[in-house]
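Dear colleague,

Please find below the structure that I am handing over to you.

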Amino acid sequence: MHKSLEIRELIKQEIIDGKLTEGSRLMPVRQLAQFYGISYLTMNHVLEQLEQENLIVRVHGKGVFVSSATQRSPREIRRVLTLYHGRDAIVPLFLSQLQDFCNTRNAELFFLEISDLPPEKRMEKLRAFLSQPADVLIVDGSYDLPFREIDKYRTNFRKTIFFNRYESSFELSTAAKILFDYFEAGKCAGEALLANNRKRLLYIAPDSSVRCKFPPFGPEETYHCRMRQGLMAALSGSGVRLENLITLPKKILTDLDEMLKRYQPDGIFVFHDDYAIKIYHWLNSHKLTPGKQMDVIGCFNTEIAKTWLTPGLSSIRFDSKRVMTALDEYIGGTEKNFKVMIPPELVIRGSMKQADSIRRCD
């Protein structure tokens, strides 16, 4: 996240929390710029944004003051459309956070789950949904969405946000990008396994047979490939052996069984927590305790793993609160183009050690 956005959010939070009281005077702009370590122009831009939200008042010749609560107007946004594909693992958590986000801003939130629609009705429903003018359109980055069709309706929305996937040819024009950093997720997993002295690793990517045709696991810019690139970057020069398994959901345990007959990994990184849980229980049934004989790291939906008693299943997650903060910055700001990479966190359950460079969240 840009430093100016972090500073803006910090000042905003201090006003909301009452640390900066109503009517109190802020330091002059140059002093604020020096205090936060940014340029005068950048600090002035931050104050302009806060003023647009009626959080501060600038009085010529007197200074900058925190506005009173009665002066603060509601958010401009009133109507938010969200288009997504229901098979995406992270969407349920995101939608819950998004609902709370809109509720606190007096905004109406409308969903269209494209996976629920029969193919013959899909485009008709999609066009009807996108024909509704709205303040914000939020689009999930699923590959199954017809992005070229969606892009035709971009003038119906004041702002458009593309979230979830790494940058690819599927991006919408004139859309903000709030993206999860999958390269860092793979790197985080690799560093964690190295820190735990694992020497024989297995990377499992449950996916479609179509995806298997793309080496390695997808077009270069997609999240599958970026995650594996991060894993390889962490393992570079370590001497650690890495095997890969791409499999369909219904075949994952059968394929794993065959893999383990010829390869005995001591660490497994699974593309998706849901499948990590299946593997976790399969390993336990074969007396291969996760966290002892081998480490298992899942990626994506940590909340799924939390619903099971999985003390040996660690997880890579992306902080949904950071997503909401970025969303707030873009909707409330004046930026034409916006890109934020959401960093991963490692949630450790069991005996895994922590590499110094990894952000850990127990």
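This is a predicted model: local features need pLDDT of at least 70, side-chain atom pairs count only at pLDDT 80 or more; totals for chains, interfaces and linings use all residues.

Residues are numbered from 1 along each chain as its sequence is written, and side-chain values use heavy atoms, with hydrogens and water left out.

The protein has twelve helices and 14 strands; these are DSSP runs numbered from the N terminus, with helices being H or I of at least four residues and strands E of at least two. Of its 362 residues, 52% count as buried (under 20% relative accessible area; exposed is over 50% and partly exposed is in between, with a 1.4 Å probe and protein chains only).

In soluble globular proteins, nonpolar side chains tend to be buried together. Here the largest nonpolar core has 49 residues (such a core is a set of buried Ala, Val, Leu, Ile, Met, Phe, Trp, Tyr and Cys residues joined through side-chain atoms within 4.5 Å). Ile138, Ile161, Phe269, Ile316 and Leu327 have the most contacts inside this core. Leaving aside residues up to four places away in sequence, Ile138 touches several residues, among them Phe94, Ile161 and Leu327 (contact means heavy atoms within 4.5 Å).

Helix α9 spans residues 252–262, and its buried residues are Ile252, Asp255, Leu256, Met259 and Leu260. They lie on the same side of α9 because they cover an arc of only 135° around the axis, taken from the directions from the helix axis to the C-beta atoms. On the other side of α9, Lys261 and Arg262 are exposed.

Helices α7 (residues 182–195) and α8 (residues 223–235) pack at an angle of about 35°, with their axes 6 Å apart. Axes are lines fitted to C-alpha atoms, for helices over the stretch in contact, and angles run from 0 to 180 degrees between N-to-C directions. The contact includes Phe183 and Leu194 of α7 and Met227 and Leu231 of α8.

Two loop residues remain. Asn197, in the loop between α7 and β8 (200–206), has a positive phi of about 65° although it is not a glycine. Asn54, in the loop between α3 (40–52) and β1 (56–59), counts as partly exposed because its relative accessibility is 26%. The C-alpha atoms of Asn54 and Val66 are separated by 8.8 Å.

Yours sincerely
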